[in-house]
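Dear colleague,

Please find below the structure that I am handing over to you.

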Amino acid sequence: MSGAGAGHPRERADVPVRPAATVVLLRTAASGLEVFLQTRSSGMEFAPDVTVFPGGGIEPADGGDLTVTAVRETHEECGVRLDPAHLVPLSRWITPPGRTRRYDTMFYLAGLPGGQTADLRTTEAVSAGWRTPQGAIDAWLAGEYKLMAPTFSQLFQLLPFDTAAAALHWAARSADLAPVAMVEGDRPEDRRFPGRAEYAAGTAGGAGGVR
């Protein structure tokens, strides 16, 4: 997918909407399917203290190609070198109006290449590691993590899968790439996305959601 992306307008009245890419890095472990997550520093202007996947905004050097952004950000943040051709789109989210920063973000799945190790090398995060999707959601429910709705939704969609191969196979054929967005006048509870009811129940129960 290029930076232009599906014909969705990227300029709103409040702030420009910047194209971005996030990588849900997968591996198959003894415990089953695992994802790589990192918890952002409390000093970050955008999403402080929040647990996220590696990713970031598009840069001029990326040539308008979000797969290049995804590969670059993954290498910068956790040291893993990916092949853009092996990225599988999973979903697309647009930051609601009224925020100081807004992004139109494509979430990609990618398997951890053989012989490589993901680590914590970005200064934007204070911790990182592998968790099963259910383990990450349980940590959120227990108050150990703060999760934004997009991160929760990606984890929720991965719950049925035991291996990276199975998740990638499903996403290549069945992922819904219709943008999850809000327009002026919408309320957070009006958004619809995979895992919406479960996320709402968790935040209502005191889990660390970020809307």
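Phe-152 is buried, with a relative accessible area of 2%; buried here means under 20% relative accessible area, exposed over 50% and partly exposed in between, for a 1.4 Å probe and protein chains only. Phe-156, at 25% relative accessibility, counts as partly exposed.

The model is predicted, so local features need pLDDT of at least 70, side-chain atom pairs count only at pLDDT 80 or more, and totals for chains, interfaces and linings use all residues. Residues are numbered from 1 along each chain as its sequence is written, and side-chain values use heavy atoms, with hydrogens and water left out.

Rings of Phe, Tyr and Trp (its six-membered ring) are taken as a pair if their centres lie within 6.5 Å; planes under 30 degrees apart count as stacked, over 60 as edge-to-face and the rest as tilted. By this rule there are eight aromatic pairs. One of them is edge-to-face, Phe-36 with Trp-130, because the ring centres are 5.4 Å apart and the planes stand at 65°. This pair links distant parts of the chain, 94 residues apart: Phe-36 belongs to strand 2 (residues 32–40) and Trp-130 to strand 7 (residues 125–131). Phe-36 is buried at 1% relative accessible area, and Trp-130 also counts as buried, at 16%.

Phe-152 and Phe-156 have ring centres 6.2 Å apart and planes at 20°, so their pair is stacked. Both lie in helix 3 (residues 149–158), four residues apart, about one turn of the helix; helices (H or I, at least four residues) and strands (E, at least two) are DSSP runs numbered from the N terminus. Together with Trp-93, Trp-140, Phe-193 and Tyr-199, Phe-152 and Phe-156 form one aromatic cluster.

Yours sincerely
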